Amino acid sequence: MNKIDMDRRKLVKMGLTMGTFSLFPFSCIQISDQDTSELLKFISHSDVPVNEKQIGELTSVEFKTLSSLCSYVNQIWELTPNLDQYLQTLNADLKLKTNEVPSYLTEYKNAIELIDLLEGFNEHIDEVWSTLLFGEFTQEDLSSTKIGRARRLVFSEIITHFVPISGGFKAFGLMNYRGYFGGSYASPESYRKMEIG
Amino acid sequence: MKKVIIIGSGVAGTILARQILANSDFQIIMFEAGPMFKPGDRRTWLDHLVAPNKLYERFTDDLGSQVGNRHMEVFGARLFMKGGTTNHWGGLSPRFKPEDFELKSRTGYGADWPITYRELAPYYTKAEALLGVCGDSDNDDPPRYGDKFPFYPPSYTLGDGFLIKILEDHKISYGHAAVARNGNKCITTGTCDYCPTNARYTALYDLVQLQMKYEERLSLHTESPVTKILMDGQKRAIGVDFLDLETGNEESMEADSVVISSGTIESAKLLLASANRDWQTGIGNHSDHLGRHLVGHPLMFAEGVRSGNPNKFNSELGFTSLLSRHFDSPEYQSKGKMWFSPKIGSGTTIERGILSNMSRADIDEKMSAEANISIGGEMEMYDSPANLIRLGKGKTRHGLPTTKMDFEIKEITVKTRQEHADTFVKMLKRAGCKENSIQMGVLDPDGAHASGTCRMSHREAEGVVDAHLRIHNTDNLYVCSNAVFPSIAAANPTLTVSALAVRLAEHMTLKNSNS
């Protein structure tokens, strides 16, 4: 019999986990050494957003650049036919993330810089996103670098927002999902109930 | 106007405040060691959605702020903030059972309660209304004497249906979990640790409402740990000393009555720290029971992986809906009663699949290929006078004294805990989990359900507070917390301490109207 480490909180949370990264090669862009060093630039070890007290909003162009992540994900994984509707919610929620402390404004702008940087190498945004999300880098510990922080604090968080808020999980045959506003538990539409008989 | 100080803004203090404010013209002054927090805030909810384990990090105990030969680990279990530990509680709100109030008489362990289940039953009903508990009113174990839950329970999930077949196969009884979810507000979002609609009861949201309704009569001092109970002679509490963490100043506040609702560990420590000429080893400690009889809930769990999950079972409801109190019965009282809840889910999440660059088909296949089944339970333990809390050296980040704690679990509890865990493993095997996938474990109690350091008794020689939660040999100093429990039972303690708070409010307001 195996023994595992557990505490009450873990026990309560059994079955509830957030997405974590693992890196797989995918049709990635060739990047120059100079620009690789930009991606691997040290930013911070902290879990707290950089310049967390600097509040503000992304410009519409910046939002469009960042939200191209959702277009890419939606194209590959076919989550929702109502992407534009979801992007309105994302826009409003990102404003909350940048207008209040801890502000993600600097983290978002750093991520947008990376998108712009890689777009300079290739016309295909798909390959840009493939590299940003899944590209392998030689550095062992990416977590404190510009690309590592963008993956952890920006791209991962947006995808974790996208799947439930857009209702995209329904494409996998589910009715409710952590983060989705399923409605009253009395409603037959809110979650899959035990079949009687 | 009579002034009442309540120390602690968790569920006990808040329910007490609500009932006193509703039934008297008293003024309430509440002290909370931790900071403010906002309920139902979209930005906070967004943070919780993407990083569920981080939201409450700054409100926990300091890691390593307790010492002792062996201790109950409180780090991560308790929260020091407006609303206290209800901010991250699961909401399980079962009643204790009638036999739980007669532990000593029935088993020889611990102590009996100075009140019976029958006496507490009407207060349980009121507490269920205040917490907004949904439950099965037709389930009469324990007896409800015709009283209804305020909300009916959610239907079992599709995954529950699978698990129920396993329970029935083992001839194990089960039922709907009684949980504090307002059925009119719950939108089944599954982010219950920070509910976007305040459907799950929190003392935080309750206090926000109370502050609006009783603006003139309720004041709350956050980041203000109380350091001492001030007494005039042996019998009369006259106020408190507290520390303003923002200014660093020591200040005092006078009152006509003082209620300590600071949880099991801090309530005992405050009474110890308030030692004076009349109470030389701590207020309420003439019989040396203060800080003793500490108990919690030992835990056990097992999980395994089963091939095939064509329905892609997942945690669609987000809170416990299926629960068994089969082993929480008089037959198990002399070895260790227990309740448990099984859960079933798929082996991955969609976002994890995307972030791992799995194709849509691969995610779909992985979700359908395997089901993770887990069973977690909590059990009763018996107290020992050697289980002891004392004041440690130095202060925590919340301005409270550190804790010195000695703690042990009786051998019979250790043995029964293992038996319960073995039962879980048998159920997993029967559910089709692969032998080599099954993991099991047992855990000592953490601080979440800690109880017993100021226990209730008829006589001062046997405890710290009387049946009305007043410290023996005092006129106006009360403890309203799990600390007063003479035994812990198997069930979660929140509803029971809420019922005691309703009862205490009635006592305090009636006493005033009589006088």
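A:Glu78 is found in the loop between H3 and H4 of chain A, where helices (H or I, at least four residues) and strands (E, at least two) are DSSP runs numbered from the N terminus. Its phi is near 50°, a positive value in a residue other than glycine, and at 52% relative accessibility A:Glu78 counts as exposed, given that exposed means over 50% relative accessible area, buried under 20% and partly exposed in between (1.4 Å probe, protein chains only). This is a predicted model, in which local features need pLDDT of at least 70 and side-chain atom pairs count only at pLDDT 80 or more, whereas totals for chains, interfaces and linings use all residues. Residues are numbered from 1 along each chain as its sequence is written, chains are lettered from A and ligands numbered from 1 in the order in which they are written, and side-chain values use heavy atoms, with hydrogens and water left out.

**Confidence**

- The mean pLDDT of chain B is 95, and 99% of its residues reach 70 or more; pLDDT is the predictor's confidence in each residue, from 0 to 100.
- For the complex, the predictor gives an ipTM of 0.90 and a pTM of 0.93.

**Backbone features**

- Most residues other than glycine have a negative phi, and most peptide bonds are trans.
- B:Asn357 has a positive phi, near 65°, in a residue other than glycine; its place is in the loop between helix H8 (350-355) and helix H9 (360-369) of chain B, and B:Asn357 is buried, with a relative accessible area of 15%.
- In chain A, a cis peptide bond with omega of about 0° joins A:Val101 and A:Pro102, and A:Pro102 lies in the loop between helix H4 (83-99) and helix H5 (105-119) of chain A.
- In chain B, the peptide bond from B:Asp141 to B:Pro142 is cis, with omega near 5°, and B:Pro142 has its place in the loop between helix H4 (117-131) and helix H5 (158-169) of chain B.

**Salt bridges**

- Over all chains the structure holds 37 salt bridges, each being a side-chain nitrogen of Lys or Arg within 4 Å of a carboxyl oxygen of Asp or Glu.
- A:Asp47 forms a salt bridge with A:Arg152, the closest N and O atoms being 3.0 Å apart.
- This pair links distant parts of the chain, 105 residues apart, with A:Asp47 in the loop between helix H2 (33-39) and helix H3 (60-77) of chain A and A:Arg152 in helix H7 (residues 146-165) of chain A.
- A:Asp47 counts as partly exposed at 43% relative accessibility, and A:Arg152 counts as partly exposed at 26%.
- B:Glu99 forms a salt bridge with B:Lys337, with the closest N and O atoms 2.9 Å apart.
- B:Glu99 lies in the loop between strand S3 (66-67) and helix H3 (103-107) of chain B and B:Lys337 in the loop between strand S11 (322-323) and strand S12 (338-346) of chain B, so the pair ties together parts that are 238 residues apart in sequence.
- Both B:Glu99 and B:Lys337 are buried.
- B:Arg325 and B:Asp328 form a salt bridge whose closest N and O atoms are 2.8 Å apart, and both of these residues are buried.
- Salt bridges that share partners join B:Glu99, B:Asp100, B:Arg325, B:Asp328 and B:Lys337 into one network.

**Where chains A and B meet**

- The contact, meaning heavy atoms within 4.5 Å, takes 76 residues from chain B and 65 residues from chain A.
- Chain B and chain A bury about 6400 Å² between them, 57% of it on carbon and sulfur atoms; buried area is the accessible area (1.4 Å probe) that two parts lose on being put together, summed over both.
- B:Arg43, B:Leu355 and B:Arg360 supply 14% of the area that chain B buries against chain A, more than any other three residues.
- Between chain B and chain A there are 4 salt bridges, and the side chains of B:Lys54 and A:Asp47 meet in a salt bridge (3.7 Å, N to O).
- The largest share of the side of chain B that touches chain A, 8 residues, comes from H2(B).

**B:Trp45**

- B:Trp45 lies in helix H2 (residues 42-50) of chain B and counts as buried at 1% relative accessibility.
- Among the residues that B:Trp45 touches, not counting residues up to four places away in sequence, are A:Ile165, A:Gly179, A:Phe181 and B:Tyr194.
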